[in-house]
Structures are given as C-alpha cells and as structure tokens.
Amino acid sequence: HNILGFSHRTRGNMEDAIREYGIALEYVRKDRKGLMDVHRAVVLNNLARALSEVGWNALGVCLDGLELRREQAEELPLAGSLNTLALLYDDMGRYEDAPLLAAKAIAYCRRANEDRQLGLALRQMAESLRHVAERLDTGQRVIGRPDDLYAIGSDLLEEAYKIFQSMDEQERLIEVNIEMGSLHRDQMRLTPEGKPPVGWQENYKSAQQVLDEAIRLAEQRDFEQHIMDARINQARIHYHADRARLPKGDPQAVSRAIGVLKQIEASVGQEYLIDEAMPDPTTQRNQNWIFRHLSTAQMVYGWIAMDRFQAIVDRYKEKYPDDSDEHAEERAKAVAKDQEADRALKDAATAYAMGIAYAELYSPRSRSIGAIQNDLYSRLRKSNRYELESFGKQLKEVRQEQPYLTTVAMLEAFLFEFFGPAIDEIPPTEQPSHAD
C-alpha cells in the first residue's frame, strides 16, 4: 500500500495516494512491539508530502516520522525526513529555515554515498535558496546576495540532473528541469528599481529550453501535474520577457503568455473551471493541485491586465506632462473616463477575484490567498482616488455579472480597508467587513 501510494502521487492522484498511505499505517499500527517503526517512518514521510500537496499543514506528521528515524539512528533515512521537512517549510513560507535542513540531508547523503537521496536533497536545497533570494525585496533577512544564491542553486541542480540522468529516473529529471526553469524565471524579474536584470535574455532562453524538455518528458509519461507546472512557468517567463523590454514592452511575449494560459485552461476538465458556477472541491480533491495552478494562471492574467491599465495611464501622463495639481487632476479624470482603461481594470478585477477563488478551492488554508491580495496591493498602492474608485466600480460590475464569485466581496472589503474611503463616501460602518 505504501508503494501504491507513491505510484498514485507520481501520477498526481493525491487523494488516492493518501488513502493508500492510510491503509499502510493501519497495518503498521497492529505491530505493538515497535518492530515496524522503520516502515512506519517511511509511510509517515510519504504521507506528509502528499498531505502538503493537497493543502494541509503536515508538519506534525513529518516530525513524527523524523522522531522515529532519530530513534533508529540511521543517517540515510534521517536525510529523507530532513529533506521532506525542508519541503514543508518551503510550502509554509518558512524559507529561512529550509536551507539548513536541506544542507543536513545533503551532508548525510554524501557521507553514505547514496546518490538518489542526494539528488533529491540537492534539488530541494536549490529551491530553498531560490526562495530565500526572492526575500530581498520583501525586507526579510537574506543569508547572501541573490546572485550568489542563484549561482549556488544552479550548481546544485546541475549535479542533481547528472545523478538522475545516470539513473534514468525520468520523473526526477522533470522536477529538476522545472526547478531550473523557475531559477531562470526569477532571474528575469525586474529589479526593485524597476530595471531589467543583467543577463535576462540568457535566462529567458535557458528557461524555455529546460521547460520545453520537462514538458516533452512529462508528456511521454502522461504526468499531468508536471506538464501544468511547467506550462505555468512558461507563461510567467514570457510575461517577464515583456516587462524586461519596457518601456515599449514585447507584445509577442504577452501573446505567448496568454496562449500558454489558454492552453492550460483547455487542458483541464470543465468540472475544474469557474464558469457560471463554482466547482465542487470535494469531488475534485484527487487532483486539486489543478486549482492551485489555475489560481496562478489567473494572477498572471491580472498582471497583464494591470499592465494594460498602466500603459494607458502613461499615455495620459505624456499628454499632461506637467505635475501641477491642475494637470494631475485633469489627467486623473481623463483616465477615469477612458473605456479602454475601464476594460483593463475589469479584466484585472475578474482575474484577481478568480485567482483567490481558485486558491480557496485548492485549500481554505492556501497561502496563495494572501499572496494574491499582497500582489494586488503592490499594484494599487500608488493609485490616486479616481483610479481606486474605478477599480471599485469594476469590482461591483463583476459581482453583479458573476454573483457566484463570492471572492469579489472580499476584494471590495480589501479595497476599502486597505485604502480607506473617499471623503464623500458613506460611513465605514455601512461597508462590508472581511468577516461578512
């Protein structure tokens, strides 16, 4: 049953995997003398990862298995638990804690000369360092320069790739390629000063190559989860390629990003899509990771829509270049009356509401919910009152046209509570609260 569970997880059928792991644990529980503690630790480690995939905080399960392995005093199994714990910490956003655990796993594997587990630990370490590098522009403590962390991550992934290539372990090669694509993707993002990073073109080319290979290998084995993961990353690198070519941008890159997003939506069953009704997450739990990827897809749609709106604002800034209060007022009113700007804001409002809705369908505990809200705040934080009111008006239209999309009300509350009311608005006590 443990092996069956592992097979189901490989195929992306998480609920089936969790059920098989549960059956395996039931057999283990019949052992009252501790003779199967080693096997119990294996199952708990596998179960923790599967539970994390469907949105649970599986830290307790993983720590339970880790404690059993410490009692056995065997370094290689302990490395497996430490690696899984690093993965869970990444999922929980505890990015500064994950690298130390992955480093310990690597050390144990090197001492034991065990290549497969070493490859897993190397890939996890690279992902953990990439997440740490991203923290620089969020004000969190970073253990090194992002460029240095990216370089170390690249070396780790190259070593992991060679290991899995020599073992002909295709699923792990796919995972390494996707992480390589993510590493190149993050090195394409604009700097905190809004400038394109040095070498973004090389990262763009490399990301396309490794993600194409990941999709090719995954399609050969029908690994749907990996295919969708790689395609989401493809859409994101195309988006960043457009941003790197500012101020004109790259319409072809945007078109490629949208094309990939449409391909993702077309690849999933209608039962997963929000279309005139909300899907039932309880009946789609076996592959609920689809909701997570659809949430990310909607956030990218939101980025593209907000960029369209900003381009319109920039055009009016060229028309009214004077920063005087009078010209600023005229410019703001002109943008508020622009129908193209309204369409862009409506598309953004729809995308962000859909993104949060898909995240909730994946798991009510999903960290993506807060991440999407924070992303929207970063896009609206410099908006004037006219622009905020226009966005609020578009949220209202989306709510009226799609009453089943309950997350619109959350965004309306977000807009009011994060940015406050206009002077002539109704009293705050009459506004919808987040609890409502």
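## The Glu 134–Arg 130 pair in helix 7

In this predicted model, Glu 134 forms a salt bridge with Arg 130, and the closest N and O atoms of the two side chains are 3.8 Å apart. Both partners sit in helix 7, and because they are 4 residues apart there, about one helical turn separates them.

Glu 134 and Arg 130 are both buried; for Glu 134 the relative accessible area is 12%, which falls under the 20% limit for a buried residue. Helix 7 itself covers residues 115–134. Between Glu 134 and Leu 88 the C-alpha to C-alpha distance is 18 Å, with 46 residues separating them in sequence.

## Salt bridges between separate parts of the chain

The structure holds 35 salt bridges, among them one between Glu 53 and Arg 292, whose closest N and O atoms are 3.9 Å apart. Glu 53 lies in helix 3 (residues 37–53) and Arg 292 in helix 13 (residues 289–319), so this pair ties together parts that are 239 residues apart in sequence. Glu 53 is buried, with a relative accessible area of 15%, whereas Arg 292 is partly exposed at 21%.

Another salt bridge links Glu 169 with Arg 116, and here the closest N and O atoms are 2.9 Å apart. Since Glu 169 lies in the loop between helix 8 (146–167) and helix 9 (170–186), while Arg 116 belongs to helix 7, the pair ties together parts that are 53 residues apart in sequence. Glu 169 counts as buried at 18% relative accessibility, and Arg 116 is partly exposed, with a relative accessible area of 26%.

## A negative patch on the surface

On the surface, Asp 322, Asp 323, Glu 326 and Glu 330 gather in a patch of negative charge. Glu 326 is found in helix 14, which runs over residues 325–337, and this residue is exposed, with a relative accessible area of 55%.

## Overall fold

The secondary structure of the protein comes to 18 helices and 0 strands. Its radius of gyration is 24 Å, close to the 22 Å that the globule rule gives for 436 residues, so the protein is as compact as a globular protein of that length.

Taken along the principal axes, the C-alpha atoms fill a box of roughly 80 × 45 × 40 Å, and 53% of the 436 residues count as buried.

Key:
Residues numbered from 1 in each chain as written. Predicted model: local features only at pLDDT ≥ 70, side-chain atom pairs only at ≥ 80, totals over all residues. Heavy atoms only, no water. Patch = residues over 30% accessible without salt bridge, like charges linked within 9 Å, V, L, I, M, F, W, Y side chains within 5 Å. Areas by Shrake-Rupley, 256 points an atom, 1.4 Å probe, with all protein chains shown as cover. Salt bridge = Lys/Arg side-chain N within 4 Å of Asp/Glu carboxyl O. Lys, Arg positive; Asp, Glu negative; His and termini not counted. Charge placed at Lys NZ, Arg CZ, Asp CG, Glu CD. Helix = DSSP H or I, 4+ residues; strand = E, 2+ residues; numbered from the N terminus. Buried < 20%, exposed > 50% of the residue type's maximum accessible area, 1.4 Å probe, protein only. Rg over C-alpha atoms; globule rule 2.2 N^0.38 Å.
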